[in-house]
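Got a new structure open and wondering where to look? Let's walk through it with a few questions.

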Amino acid sequence: MTRVRILNLFSTILFRDLLLGVRNQSELVNPLIFFIMVITMFPLSIGPEQSALMQISPAIVWVAAVLASNLTIDGIFRSDYEDGSLEQMILSPHSGFTLVMAKILAHWLLAGVPLIIMVLMAGPFLYLPDYALQTLFYTLLLGTPVLSLIGAIAGGLTMGVRSSGMLQALLILPLIMPLLIFSVSAVNNAMKGLPVTGELYFLAAILVLALTLAPIAVFSALKIRLSE
Amino acid sequence: MWKWITKYASPMHFYLLANRLTPWFGWSAAVLFAVGLYGAFFYAPADYQQGESFRIIYIHVPSAWMSMFVYMVMAGAGAAGLIWKTKVSDAVARSCAPLGASFTFLALATGSLWGKPMWGTWWVWDARLTSELILLFLYLGYIALQSAIDDRRTAARAGAILALVGVVNIPIIHYSVIWWNTLHQGPTISKLDSPSIHIDMLIPLLVMALAFNLYFAAMVLIRARMEIVEQEKNSKWVQELIVDKVSV
């Protein structure tokens with residue numbers, strides 16, 4: 001009985017958020033355009049030499065992905081907060097963990113997954129070899145959910161605050177440095193032909209930790225901000 | 001013991017206690033600073049390799065220790081505020097952030113000043129330096145969040161969540177940075193914490209560390225008092241306090 005209710009709640013919120021996201025196409029597409037633009041700036045500023053670009057392309061892709069996801073995280077709770085529906089969701093007797101997880105998953109599907117697809121398309125433009133591109137794909141697959149999870153903490157803490165986007169970036173960036181370190185070093189290792197399982201395991205561990213703890217922090221952040 | 005704690009969890013009693021304790025902490029910090037600095041400059045012998053410039057460690061090392069200690073105090077006070085909803089712990093947590101950020105900045109700045117003659121550069125992307133820099137970013141994020149939220153209680157509780165998330169993350173950041181650095185290059189630069197330090201050098205260092213702790217205690221009490229007075233400015237005891245001060 002309760003399991004059915006939790007699943008029901010989860011899927012209801014997930015589909016609602018997905019529907020809202022898909023209908024609001026500019027918010028879906030703009031971060032991707034931003035991502036491509038940031039990536040384009042590097043060849044223009046460093047020079048089009050293949051060797052130089054190849055060396056730093058994993059770093060470029062990851063930094064651009066982090067920046068792009070920072071832009072999208074602002075919307076995760078804002079509209080629900082402004083029209084009051086978030087308050088109703090928190091007040092409802094349902095499990096806060098489920099609620100928050102559904103919203104985060106929806107955000108990842110709307111912001112993270114398109115980004116991953118975009119990277120796969122952008123890879124050849126940065127002269128990434130196939131094996132490195134494959135590793136980059138794995139690191140993004142493990143890393144972008146963490147961006148959504150940690151981003152949701154900052155989004156919950158800063159909703160309704162003036163210039164919240166900037167503040168979110170300040171809160172998120174120091175926390176996701178480990179992600180950047182492991183991901184980029186995994187891809188660099190792949191380019192040198194070294195094994196990458198160690199880094200991928202670390203990324204998976206960070207993902208599991210974030211999945212376990214972040215929703216609790218997000219839910220308490222929402223409760224605190226709504227009790228104002 | 002429990003009764004004592006609950007008594008000083010009330011803002012008024014905490015204020016009065018802090019008022020009485022501040023001069024003790026402040027003056028003993030001043031005395032220890034004087035003793036420690038004298039020891040640092042005259043008692044401790046010059047280092048056989050680094051000469052006189054090693055003496056900056058008497059500022060650098062205590063501030064680096066404090067930078068981490070203050071974060072733990074901030075997170076601990078924040079957690080206490082979340083669990084028991086005590087206003088005093090909120091005030092303490094909020095007061096810690098600027099102090100911690102200053103200690104972190106001081107550690108980075110003195111390290112940089114020392115690095116120029118010793119390593120020949122102001123900055124290296126060494127694991128310790130980088131994780132200290134990220135710690136500074138964490139403090140600055142906390143301060144930015146505090147200034148963005150107008151309501152003090154909400155700001156303090158939101159900050160507590162951020163500080164606790166930071167506490168979970170600090171070990172991960174620290175070890176990932178070490179790992180990142182060792183992947184790129186071996187530890188070519190000898191670290192400050194070489195296994196042995198001469199006892200004559202160690203004593204002033206410990207005195208300075210104690211002085212830094214007492215200074216922090218005095219400062220955090222002063223700041224927390226101001227926080228409490230601002231937070232409780234409509235309560236009766238604060239009004240009476242102000243009237244007393246004015247009439248005296």
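Q: Which residues have the most contacts inside the largest nonpolar core?
A: This is a predicted model, where local features need pLDDT of at least 70, side-chain atom pairs count only at pLDDT 80 or more, and totals for chains, interfaces and linings use all residues. A nonpolar core here is a set of buried Ala, Val, Leu, Ile, Met, Phe, Trp, Tyr and Cys residues joined through C-beta atoms within 7 Å, and buried means 20 or more other C-beta atoms within 10 Å of a residue's own, all placed from the backbone. The largest one has 135 residues, and those with the most contacts inside it are Ala65(A), Ile150(A), Ile153(A), Met74(B), Cys96(B) and Ile161(B).

Q: What does Met74(B) touch, leaving out residues up to four places away in sequence?
A: Residues are numbered from 1 along each chain as written, with chains lettered from A and ligands numbered from 1 in written order. Touching means that C-beta atoms, placed from the backbone, lie within 7 Å. For Met74(B), that gives Ala93(B), Cys96(B), Ala97(B), Gly100(B) and Ala163(B).

Q: Are H3(A) and H7(A) roughly parallel or roughly antiparallel?
A: Their axes, lines fitted to C-alpha atoms over the stretch in contact, come within 10 Å and cross at roughly 30 degrees. Angles under 35 degrees count as roughly parallel, and over 145 as roughly antiparallel. So H3(A) and H7(A) are roughly parallel.

Q: Which helix gives the most to the side of chain A that touches chain B?
A: In this pairing, 24 residues of chain A are in contact with 24 residues of chain B. Helices H7, H8, H9 and H10 of chain A each supply at least two residues of that side. With seven residues, the one giving the most is H10(A).

Note on methods: Contact = placed C-beta atoms within 7 Å. Helix = DSSP H or I, 4+ residues; strand = E, 2+ residues; numbered from the N terminus. Axes fitted to C-alpha atoms, helices over the stretch in contact; angles between N-to-C directions. Parallel < 35°, antiparallel > 145°, perpendicular 65-115°, else oblique. Buried ≥ 20, exposed ≤ 12 C-beta atoms within 10 Å, placed from the backbone.
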